[in-house]
Each structure stands twice: as C-alpha cells, then as structure tokens.
Amino acid sequence: MAESIVSLTYGTALYEAARELGKEEALLIEVKQLALIVKAYEQFAAFLNSPAIMAKEKQEAVKHIMQDSFSPEMIHFVYVLIDKGRTAEIRKIAKQYIRLYDEERGIAEGKVFSVVQLTPDQIQKFAAEMSRLLRKQIKLENRVDQSLIGGIKIQVGGKMIDQSYKGDLERLRKELENQ
C-alpha cells in the first residue's frame, strides 16, 4: 500500500515532536494503540471521518475517550488531525511513525512468504538469519502464498531471497530458454 504525502508529513511531524520531547517509545505505543482502535471500531473511525460532525464535537468525544489512556501530546495530535480533516489517515500515519522509529534504531521490517502458516519459532529463525546477513535487526511478518508450491520467499526492503519451488521452476525455465 503506497503511503500518501499526508501520512508521510504527519507521521514524520509526530515522530520529530516525540524525539524533541524524548517520548519516541511512549508515543510509539500510543500511535499503535490508536491505529488498532481505528481499525477495530469502525463506528469510531466513521465518527472521526464524518464531515457532518463539527470538529469541536469530535474533539470533546476524543478527550472523553482518550484522556485516561493517552498522553496529552497524542490527544493534541488527534485534535490537529480533526482540525485538518486528516483522521482517515491515522493508520497510515502510524505506519510512517513506526517506520521512522525502526529506521532510527536499525530495525527493518520484511515479509516471509510460505505455503502454510509458519510457527513463531520458524519466523524468528528466519529473522535471525536475515539479521545476520543484512547486519540490522529484522522483524518478519508471515504471509501465506500457496502459489509458491513449497519453500519460502523472504523480502526485506528492496532485497528478495526466493527459495520457493515456484522460483526454482522459473529459474529453470529461463535457463532452458537461454540455451
């Protein structure tokens, strides 16, 4: 999913503000929670995104809902999103914040594709090997792709390791075509 200019701008602004306050980790936790809330509670997201509801009413509801669980900085940030009509971007903004947080700490995210769901132990072993190869901490997410036939495919950033049967067959086909 391509990130919008809006999510890049707001996610970066939130991260830079958090860094100035020394609250990168605290706001990381909160931005993840906020993204989960917006995803899980469609009515809340629809309320925030509705142009028919006045900004002041949305802000009062946000204060009431968030004041016990979120920092004043995060509540203020949501107020800004409400004022600017950018609440529909909350999940993408969170993704940008997380990416910046991880990037600054030498952490990269990737995906390991497999025919069946891998166990957490298997995912961790692949992540450890990729961390060793790329010399940075790698976090992998498992995606099931039955078209691979067997084996795995790992993608981190622009790098791809394809050890799937489908990849092997494709390489063999190209080799035979070139002869």
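At what angle do α1 and α2 pack, and how far apart are their axes?

**Entry 1: ground rules.** I am working with a predicted model, where local features need pLDDT of at least 70, side-chain atom pairs count only at pLDDT 80 or more, and totals for chains, interfaces and linings use all residues. I number residues from 1 along each chain as its sequence is written, and side-chain values use heavy atoms, with hydrogens and water left out. My helices (H or I, at least four residues) and strands (E, at least two) are DSSP runs, numbered from the N terminus.

**Entry 2: the helix pair.** Back to my opening question: α1 and α2 pack at an angle of about 140°, and their axes are 8 Å apart. Axes here are lines fitted to C-alpha atoms, for helices over the stretch in contact, and angles run from 0 to 180 degrees between N-to-C directions. I found Leu 14, Tyr 15, Ala 18 and Arg 19 on the α1 side of the contact, with Glu 24, Leu 27 and Val 31 on the α2 side; contact means heavy atoms within 4.5 Å. Sorted by class, I get five nonpolar, no polar and two charged residues. For the classes, Ala, Val, Leu, Ile, Met, Phe, Trp, Tyr, Cys and Pro count as nonpolar, Asp, Glu, Lys and Arg as charged, and the others, Gly among them, as polar.

**Entry 3: Leu 8.** While in α1 (residues 5–21), I stopped at Leu 8. Leu 8 counts as partly exposed because its relative accessibility is 31%; the scale is buried under 20% relative accessible area, exposed over 50%, partly exposed in between (1.4 Å probe, protein chains only). I also checked Leu 8 against Ala 61, 53 residues along the chain, and their C-alpha atoms are separated by 26 Å.

**Entry 4: the sheet.** Next I traced an open sheet of four strands in the order β2-β1-β3-β4, with mixed pairing. β2 and β4 are at the edges with a single partner strand each, so one side of each has no neighbour in the sheet. On average, neighbouring strands are turned by 20° against each other, direction ignored. Two strands pair if DSSP finds at least two bridges between them. I noted five bridges between the antiparallel β1 and β3, and six between β3 (residues 151–156) and β4 (residues 159–164), also antiparallel.

Which residue is the bridge partner of Val 112 in β3? It is Ile 154, and Ile 154 also stands opposite Ile 161 in β4. The hairpin of β3 and β4 has two residues between the strands, and there Gly 157 takes a positive phi near 60°.

**Entry 5: positive phi outside glycine.** Arg 135 is not a glycine, yet has a positive phi of about 55°. I placed Arg 135 in the loop between α7 (120–134) and β2, where it counts as exposed because its relative accessibility is 77%. Ile 149 is not a glycine either, and has a positive phi of about 75°. Ile 149 is in the loop between β2 and β3 and counts as exposed at 53% relative accessibility.

**Entry 6: the largest pocket.** I finished with the largest pocket, whose volume is about 1200 Å³. Of its 32 lining residues, Lys 95, Ile 98, Glu 109, Lys 111 and Glu 141 are the closest to its centre. A pocket is an open set of points on a 1 Å grid over the protein atoms alone, where a 1.4 Å probe fits, with protein on both sides within 12 Å along at least five of seven lines; lining residues have an atom within 4 Å of a point. The largest share of the lining, nine residues, comes from α6. By class I have 10 nonpolar, six polar and 16 charged residues in the lining.

Notes
Points joined across faces, edges and corners; volume = space filled by probe spheres on them.
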